[in-house]
Amino acid sequence: NKEEMSKSLLALLNDDKLYVSGEGILSALNHEDGNIFWQQNFDTPDISSPAGGKDFVAVVSTVDKLYFVDDQNGDVIFGRYVRGGSFGDPIIVDNFLHVLANTGRLYSFKFKELPPKKEREIKKTASLKKSRLKKK
């Protein structure tokens with residue numbers, strides 16, 4: 001179907017998984033054979049390219065929310081409203097995840113050492129730092 005072929009998919013290869021996002025769905029695939037490990041549907045039609053951190057994958061809605069997803073099972077482990085959403089992709093530099101909102105606000109999350117997977121809650125280990133971009 002030509003319509004299906006024209007829809008864009010965005011991808012990230014991280015460790016042994018290929019993360020693909022498109023039309024509000026994030027999927028984790030085996031990078032060798034394409035088998036699906038898991039899929040997560042979001043309540044939004046458009047999400048960004050995935051950004052991979054240690055033990056999580058992040059995507060942001062073009063409308064309103066940033067999602068942190070467990071890289072092993074696809075569960076949403078933390079969500080944060082991003083006023084105005086973002087047409088950009090989240091990026092990870094060192095221990096920070098940055099998202100530029102459509103409102104011009106830069107959201108930065110700093111990650112500390114995570115406890116073992118069974119005990120962790122990214123909500124408790126992430127701190128939010130907001131700043132505004134200066135207009136030139």
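A search of the whole structure, a predicted model, finds one salt bridge, meaning a side-chain nitrogen of Lys or Arg within 4 Å of a carboxyl oxygen of Asp or Glu. The partners are Lys-17 and Asp-16, whose side chains meet at 4.0 Å, N to O. Side chains of opposite charge can pair when their charged atoms come close.

The two partners differ in cover, as the table shows. Buried means under 20% relative accessible area, exposed over 50%, and partly exposed in between (1.4 Å probe, protein chains only).

| Residue | Relative accessible area | Class |
|---|---|---|
| Lys-17 | 7% | buried |
| Asp-16 | 42% | partly exposed |

Lys-17 lies in strand E2 (residues 17-22). Helices (H or I, at least four residues) and strands (E, at least two) are DSSP runs, numbered from the N terminus. Beyond its neighbours within four places in sequence, Lys-17 is in contact with residues including Leu-12, Phe-37 and Asp-71. Contact means heavy atoms within 4.5 Å.

The model is predicted: local features need pLDDT of at least 70, side-chain atom pairs count only at pLDDT 80 or more, and totals for chains, interfaces and linings use all residues. Residues are numbered from 1 along each chain as its sequence is written, and side-chain values use heavy atoms, with hydrogens and water left out.

The protein chain has two helices and 12 strands. Along the sequence their pattern is α-β-β-β-β-β-β-β-β-β-β-β-α-β. Four of the strands form an open, antiparallel sheet in the order E5-E6-E7-E8. Strand E5 (51-52) and strand E8 (76-81) each have a single partner strand, so one side of each is left without a neighbour in the sheet. Strands pair if DSSP finds at least two bridges between them. E6 and E7 are joined by five bridges. Val-59 stands opposite Tyr-67 in E7.

The largest nonpolar core has 13 residues. Such a core is a set of buried Ala, Val, Leu, Ile, Met, Phe, Trp, Tyr and Cys residues joined through side-chain atoms within 4.5 Å. Among those with the most contacts inside the largest core are Leu-66, Phe-68 and Phe-109. Strands E6 (56-60), E7 (65-70), E10 (96-100) and E11 (105-111) each give two or more residues to this core. A second, separate core of 11 residues includes Trp-38, Ile-47, Val-57 and Tyr-67.

Of the 136 residues in the protein chain, 42% are buried. The chain exposes about 8600 Å², with carbon and sulfur atoms supplying 48% of it; the areas come from the Shrake-Rupley method with a 1.4 Å probe, and for residues only the protein chains shown count as cover.
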